[in-house]
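Visitor: Could you walk me through this model, one question at a time?
Guide: Gladly; here it is.

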Protein chains: 2
Amino acid sequence: MAVVAPKQRLMDAAAELFSSIGYAETSLRHIASNVGIKAGSVYYHFESKDEIYTDVLLAGMDLMIDGFQAVETDSNSTSMRETLAEHVVGHLKVLHANLAYTSLHVTTFRTAPAAVRRQLVPRRDEYEAMWTALLRAALPNTPVSEISILRLALFGAMNSSIDWFDAGRGSLEEFAEVITDAFWAGATERQQRVAQ
Amino acid sequence: MAVVAPKQRLMDAAAELFSSIGYAETSLRHIASNVGIKAGSVYYHFESKDEIYTDVLLAGMDLMIDGFQAVETDSNSTSMRETLAEHVVGHLKVLHANLAYTSLHVTTFRTAPAAVRRQLVPRRDEYEAMWTALLRAALPNTPVSEISILRLALFGAMNSSIDWFDAGRGSLEEFAEVITDAFWAGATERQQRVAQ
DNA sequence: GTCTATAGTTCGATAGAC
DNA sequence: GTCTATCGAACTATAGAC
């Protein structure tokens with residue numbers, strides 16, 4: 001029975017603290033103490049605080065990308081409406097199953113050090129491109145500029161749930177349904193209006 | 001010709017820095033230097049860094065509340081769909097016209113010191129209640145639990161624009177239209193489904 | 001692989017001169 | 001109302017013992 005790697009345990013502790021009190025407010029002493037070692041020892045595993053941050057953010061985005069691809073693979077949906085719905089559920093499930101890692105992209109990425117941000121941008125672009133392609137396929141008659149807006153608004157709606165979703169008081173599936181209905185009905189209605 | 005009050009100038013500088021680099025990363029020395037004074041002098045105007053933060057957040061939320069009420073007063077819309085659209089535009093306009101103040105509620109409020117958060121909660125609740133009442137009036141046949149989800153998703157979609165909206169490449173009105181269509185069409189479609 | 005000890009910085013806040 | 005000077009605390013990161 002393998003023990004969890006120290007590097008992984010440090011990343012878990014760091015992710016938890018980053019997302020609960022913020023990056024700047026989280027000290028290496030605090031991270032280290034949460035895994036039972038001293039601050040100086042952290043430097044055996046990581047070169048800097050920024051490296052921990054970068055690794056955590058990369059891991060978070062990889063989870064989202066893997067989640068998207070898993071939906072593609074498992075899906076046997078017939079309609080685009082259904083495919084979209086599955087991806088919305090998938091996004092929300094991966095997001096909330098790994099909140100400490102994934103929520104940082106919503107909450108703190110914006111003020112991350114430039115060097116950290118630079119290393120993350122390609123991976124984030126990759127995920128965004130997957131969604132753009134999905135929406136273009138689902139709404140072939142919607143102008144590209146509007147697809148952009150739709151994707152950003154959809155991300156905003158889904159990701160805001162990190163602040164308010166409480167697993168004890170509702171299901172992710174219910175939220176996914178409401179959101180999918182909104183964006184699907186709104187976009188198809190607009191398409192019909194333009195077609196007239 | 002009255003000069004801008006020093007307190008106001010400090011708040012402007014602080015809000016700008018808080019929103020661009022984050023609260024913890026912003027030093028009093030930096031704020032002070034941006035208005036041409038020294039860090040020690042800030043304490044003549046404010047009791048602490050937290051007090052500046054609280055005042056900025058309160059001012060930001062007051063702007064949103066005033067904006068909502070201004071829409072109510074000016075509105076001569078006939079349909080609920082139109083009233084909702086006006087409020088979406090209003091929210092987005094006030095949000096983006098005062099980004100340094102208002103965006104902090106989206107970006108940093110979550111990790112604000114407990115004492116700061118406590119002083120803000122009533123004011124934020126007030127604004128949220130206005131929107132809940134609006135949505136309940138607009139969608140009288142939608143269950144209350146779903147109104148909650150709709151409001152949170154709508155806020156998420158609207159507020160995410162602080163990260164991506166570029167006044168040079170699109171209009172707030174266009175975004176407001178897309179969003180209003182989405183939430184209106186989705187919610188009304190769901191109502192009809194339930195009614196059947 | 002973890003420890004102690006500490007260098008070197010920066011921070012919020014205070015005191016007192018002007 | 002702003003200044004200088006500084007206190008005490010906290011931080012990242014390094015060096016070297018074990």
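**Around the DNA and between the chains**

Guide: Of the 13 residues around DNA strand C, those that come nearest are Lys38(A), Ser41(A), Tyr44(A), His45(A) and Tyr43(B); a residue is near a strand if one of its heavy atoms lies within 4 Å of it. Sugar and phosphate make up 62% of the atoms of DNA strand C that come within 4 Å of the protein. Please keep in mind that this is a predicted model, in which local features need pLDDT of at least 70 and side-chain atom pairs count only at pLDDT 80 or more, while totals for chains, interfaces and linings use all residues. Residues are numbered from 1 along each chain as its sequence is written, chains are lettered from A and ligands numbered from 1 in the order in which they are written, and side-chain values use heavy atoms, with hydrogens and water left out.

Visitor: Which helices each supply at least two residues of the surface near DNA strand C?
Guide: By class, that surface has four nonpolar, six polar and three charged residues. Here Ala, Val, Leu, Ile, Met, Phe, Trp, Tyr, Cys and Pro count as nonpolar, Asp, Glu, Lys and Arg as charged, and the others, Gly among them, as polar. Helices are DSSP runs (H or I, at least four residues; strands are E, at least two), numbered from the N terminus. The helices asked for are H3 (42-45) of chain A and H2 (28-34) of chain B.

Visitor: How much area is buried between chain B and chain A?
Guide: In contact terms (heavy atoms within 4.5 Å), 33 residues of chain B meet 33 residues of chain A. Buried area is the accessible area (1.4 Å probe) that two parts lose on being put together, summed over both. Carbon and sulfur atoms give 62% of it, and the total is about 2800 Å².

Visitor: How many salt bridges does the rule find across the interface of chain B and chain A?
Guide: The rule asks for a side-chain nitrogen of Lys or Arg within 4 Å of a carboxyl oxygen of Asp or Glu. Arg110(B) and Asp163(A) form one, with their closest N and O atoms 2.5 Å apart. Across the interface, the number found is eight.

Visitor: Is Asp181(B) buried or exposed?
Guide: Asp181(B) is found in helix H11 of chain B, and its side chain joins that of Arg190(A) in a polar contact of 2.4 Å. Leaving aside neighbours within four places in sequence, its contacts include Glu189(A), Arg193(A) and Arg81(B). Buried means under 20% relative accessible area, exposed over 50%, and partly exposed in between (1.4 Å probe, protein chains only). With a relative accessible area of 2%, Asp181(B) is buried.

Visitor: How many helices does chain A have?
Guide: Of its 196 residues, 49% count as buried. Chain A has zero strands, and its helices number eleven.

Note on methods: A polar contact is a pair of N or O atoms within 3.5 Å; within protein, one must be able to donate a hydrogen and the other to accept it, and residues adjacent in sequence count only if both atoms are side-chain atoms.
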